[in-house]
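Q: Could we go through the core and the salt bridges of this model together?

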Amino acid sequence: MVTNGIDRVQRSRIAASGLAPLFETVVTSQSCGFAKPDPRILHVALDAMGIAPRHAVYVGDDPATDGAAALAAGVRFVWMDRGQPVRGRRPARRVSSLPELADLL
């Protein structure tokens with residue numbers, strides 16, 4: 001997981017959501033010193049997992065921030081459309097639910 005924000009706040013949110021066991025790697029902007037859309041935050045996560053950008057998919061809910069970071073990092077991007085207005089161009093790959101994401105992957 002890659003997220004902008006304060007490390008302890010983001011980790012607390014992840015734990016409260018019940019999703020923490022699903023992520024081997026959590027990279028926050030505070031912990032690595034880079035924030036999306038800077039692609040280096042994604043490279044920190046990819047390096048921690050030993051995955052090349054071409055073998056990764058980044059799922060995010062903000063095409064302008066998440067999509068830009070993925071594009072600059074050389075990672076495919078899937079937009080999790082939660083019905084919010086989109087700034088700029090709409091991404092080519094779009095899902096609106098986790099089951100839909102699972103089908104796409």
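A: The model is predicted: local features need pLDDT of at least 70, side-chain atom pairs count only at pLDDT 80 or more, and totals for chains, interfaces and linings use all residues. Residues are numbered from 1 along each chain as its sequence is written, and side-chain values use heavy atoms, with hydrogens and water left out.

Q: How many residues are in the largest nonpolar core?

A: The largest nonpolar core has 15 residues; such a core is a set of buried Ala, Val, Leu, Ile, Met, Phe, Trp, Tyr and Cys residues joined through side-chain atoms within 4.5 Å. Buried means under 20% relative accessible area, exposed over 50%, and partly exposed in between (1.4 Å probe, protein chains only).

Q: Which residues have the most contacts inside it?

A: They are Val2, Ile41, Leu42, Tyr58, Ala70 and Val75.

Q: Turning to salt bridges, how many are there?

A: The count is five, where a salt bridge is a side-chain nitrogen of Lys or Arg within 4 Å of a carboxyl oxygen of Asp or Glu.

Q: Which residue does lysine 36 pair with?

A: Lysine 36 pairs with aspartate 66, with the closest N and O atoms 2.8 Å apart.

Q: Is lysine 36 buried or exposed?

A: Lysine 36 is buried, at 13% relative accessible area, and aspartate 66 is also buried, at 4%.

Q: And what about aspartate 81 and arginine 90?

A: Their side chains form a salt bridge at 4.0 Å, N to O. Aspartate 81 is buried at 12%, whereas arginine 90 is exposed at 51%. Salt bridges with shared partners join Asp81, Arg90 and Arg94 into one network.
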